[in-house]
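Please read it alongside the sequence and the coordinates.

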Amino acid sequence: MAVALNQQQDFIEKLNKIEDMLKKYQGKRSALIQALQEAQAIMGYLPIEVQKLVAENLGVTLSEVYSTITFYSFFNLKPIGKYHIRVCLGTACYVRGAEKVLDRLKTELGIEVGDTTDDLKFTLDGCRCIGACGLAPAIIVNDEVYGRLTPDKIPEILKKFE
Amino acid sequence: MEMVTLTIDGIKVEAPKNSTVLEAARKAGIKIPTLCFLKGVNEIGACRMCVVEVKGARSLQTSCVLPVSEGMEVITNSPAVRESRKVTLELLLSDHNLECPTCIRNLNCELQTLAEELGIQSIRYPGVKSKAQYDDFSPSIVRDTSKCILCRRCVSTCHNVQSVGVISPNYRGFETVIAPVFDMSLNEVPCVNCGQCILACPVGALKEKDDTHKVWQALADPDLHVIVQTAPAIRVSLGEEFGGELGGIVTKKLPAALRRLGFDKVFDTDFSADLTIMEEGSEFLDRLQNGGKLPLITSCSPGWIKFCEHYYPELLDNLSTCKSPQQMFGALVKTYYAEKTGIDPAKIFSVSIMPCTAKKYECQRPEMFSSGYQDVDVVLTTRELSRMLKEAGIDLRKLPDEEFDEPLGISTGAGAIFGATGGVMEAALRTVYEIVTKKELDNIDFTEVRGVDGVKEATIDIDGTKVNVAVAHGLANARKILDKVKSGEADYHFIEIMCCPGGCVGGGGQPILSAEERWEVDYREERANAIYEVDRNMKLRKSHENPAVQTLYKEYLGEPLGEKSHKLLHTHYTKRDLF
């Protein structure tokens, strides 16, 4: 209960911060991407509440805001976990079994690609070549690369983040 | 105008400097196929159907966005051009739901036509299809993205023509889908149900919610007394669905056709348009003389009403409290008409034929149950009526002329012009002028409020009182007027707003023209001209002279704005969220 209240408080504080930030973009349609980037820096992601604020302040439709967010992959619609796991699905990793590694991650974490665990600890994503083909198949957790993986090595890696 | 000379397919062509190669070619009688191009609405070069070879250019160019230049040499029909168009079209078709014979746009589909014209006989690209959305929760508009070709004509229409902007391309690449935010239903976002997106769609990805089955069922039920009303704009558009000319007048074919479908009584919304003028004209005079809220804004157009509720709630008090003619009619059918004929209103099934998809939403509003029943049970668009007639084997062209039934089929020219932008204003002025001055108008044509200009303004002298009026059609145009009212910049007394460009003749339920046809001729103007011809040929042309309306007041309503009118013919509005 207390945790939920804290989270709500935190959310509202961040919304207020975003509203302050948007003052400089009043009626400026062309500042959409800039405003979204700054809003995401504050909130960590772009929930509908933030999108509405951006639409209202910049004078664009909510539809345009959503369209822009979903076009660019660096905008997140959902909260990102503390550990952002990205599985390389580039050609080299793919032929050396990246899909099996990804499947194991899905089972271990109990989430699908693009989702975040309920405790906000892990987010699972696929991505294109990360330039670590020599270590294929590879994943990145936040900024650290883990290579030459097999599905069985996954539980061990995840343990490090508990 | 500065002209340049270029060569297209070896022909020397002169064209204005700022025109495009597509326009120059068209003038020279050379056809370049297009798909995403919708003149004046969507000119973005996205579909690459209109590619041409330009001497000196490295790759094929999209002619719809390519400006002409002096000495330019263009080839519109080379092996490379033809192959490119074919590949593009086949790729589009490879991700298209090819259920053409059962599609609502079968034989009126620009994709289908192009496939035929470009000689596509097989599709070389099998593969997965993108994930489709089917959204039929809106009472007015159905989205089926399995047929969408991502041309964005609907998006431009929604954002720029109507300034509503509730659909956009979401996601990217193969996942792209034209949808409301968070892939919600159109029913959950501030869509005004105007259906202009349907008119813009080259394929069957957007269509009206089909309610014909409800009407078939009612017509087959011997216990029901099924009546129908037809809107002013139908009589200048339905003929088009049967191969008639644009704006052909079919007023007298309508009763014949509807009787043959099995309707027990065929009435005319023009009657309640006249009634609307009596109520709204009185309301205007009341506000003008007694210091009421001005400007008064008309309330016939349900798309406009919902737009005002979402986007300009601060102006709701300016809206006339008059229901639309459709809903006035509905309320009277199950009260006045039921009493007069001794028919149990519970057994009356009330259908209206409208040029409008927003009317489908309007008839379900909770305010529209004044008779104790749903006042109008089903709204069919012009297109749905045409489908029913075709299904029943009724060819409009081969029918005899017939008259509407009395008394709710009696109308004047003032009722008829409700179908065109400026018509409600003109009809109101004819009546208000004569009521106030007690003099007959020398000239009843208020031509200053007619025509295709997006915003029209005029000052009318009524017995020494200068009345400033404004007329707007299309919601982006409406915004121009409304913003002036909000800022206090304008000093209007009376405003007419119609949601759709051209007014009801251009309604979202009307026959659909291809982009090519729309470029050829202004269909709204053609239909509006026909409406004014209908008016000119009427014996009675002023609402207050309608004998059936006079009888209605004598027998039943009492007087305009009276207690019964208030209960049956007037309504109220609700502020709605924008997000």
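A:Lys23 is exposed, with a relative accessible area of 55%, where exposed stands for over 50%, buried for under 20% and partly exposed for what lies in between (1.4 Å probe, protein chains only). This is a predicted model, in which local features need pLDDT of at least 70 and side-chain atom pairs count only at pLDDT 80 or more, while totals for chains, interfaces and linings use all residues. Residues are numbered from 1 along each chain as its sequence is written, chains are lettered from A and ligands numbered from 1 in the order in which they are written, and side-chain values use heavy atoms, with hydrogens and water left out.

**Salt bridges**

- Over all chains the structure holds 60 salt bridges, a salt bridge being a side-chain nitrogen of Lys or Arg within 4 Å of a carboxyl oxygen of Asp or Glu.
- A:Lys23 pairs with A:Asp20 in one of these salt bridges, at 3.1 Å from N to O, and A:Asp20 is partly exposed, with a relative accessible area of 47%.
- A:Glu112 and A:Lys106 form a salt bridge in which the closest N and O atoms are 3.8 Å apart; A:Glu112 counts as partly exposed at 47% relative accessibility, and A:Lys106 counts as partly exposed at 23%.
- In chain B, a salt bridge of 2.6 Å (N to O) joins the side chains of B:Arg259 and B:Glu402. This pair links distant parts of the chain, 143 residues apart, with B:Arg259 in helix 7 (residues 253-261) and B:Glu402 in the loop between helix 12 (382-391) and helix 13 (413-416) of chain B; helices (H or I, at least four residues) and strands (E, at least two) are DSSP runs, numbered from the N terminus.
- B:Arg259 counts as partly exposed, at 28% relative accessibility.
- One network, joined by salt bridges that share partners, takes in B:Glu426, B:Arg430, B:Asp445, B:Arg450, B:Asp535 and B:Arg541.

**Cavities**

- Four cavities of 30 Å³ or more are found in a search of the whole structure, a cavity being a set of points, on a 1 Å grid over the protein atoms alone, where a 1.4 Å probe fits but cannot get out, with lining residues having an atom within 4 Å of a point.
- The largest cavity holds about 260 Å³ of space, where grid points are joined across faces, edges and corners, and a volume is the space filled by probe spheres set on the points.
- The largest cavity is lined by 26 residues, of which B:Cys300, B:Ser301, B:Pro355, B:Lys359 and B:Cys504 are the closest to its centre, and the elements that give two or more residues to this lining are helix 8 (269-289), helix 9 (302-311), helix 10 (325-341) and helix 11 (358-362) of chain B.
- By residue class, the lining of the largest cavity divides into 17 nonpolar, eight polar and one charged; Ala, Val, Leu, Ile, Met, Phe, Trp, Tyr, Cys and Pro count as nonpolar, Asp, Glu, Lys and Arg as charged, and the others, Gly among them, as polar.
- The second largest cavity has about 140 Å³ of space, and of its 16 lining residues B:Cys148, B:Cys154, B:Ile178, B:Ala205 and B:Leu206 lie nearest its centre.
- Its lining consists of 12 nonpolar residues, one polar and three charged.

**Nonpolar cores and contacts**

- The largest nonpolar core has 86 residues, of which A:Leu22, A:Leu58, B:Leu89, B:Trp304, B:Phe307 and B:Leu482 touch the most other members; such a core is a set of buried Ala, Val, Leu, Ile, Met, Phe, Trp, Tyr and Cys residues joined through side-chain atoms within 4.5 Å.
- Another core, of 38 residues, lies apart from it and includes B:Ala273, B:Leu285, B:Met425 and B:Ala458.
- B:Cys308 lies in helix 9 of chain B and counts as buried at 0% relative accessibility.
- Leaving aside neighbours within four places in sequence, B:Cys308 is in contact (heavy atoms within 4.5 Å) with B:Pro313, B:Leu315, B:Leu316 and B:Leu319.

**Chain A layout**

- Chain A has seven helices and four strands, running α-α-α-α-β-α-α-β-β-β-α from the N terminus on.
- The C-alpha trace of chain A spans about 50 × 40 × 20 Å along its principal axes, and 41% of its 162 residues count as buried.

How values were computed:
On a 1 Å grid over the protein atoms alone, a cavity is a set of points where a 1.4 Å probe fits but cannot get out, and a pocket is an open set with protein on both sides within 12 Å along at least five of seven lines; lining residues have an atom within 4 Å of a point.
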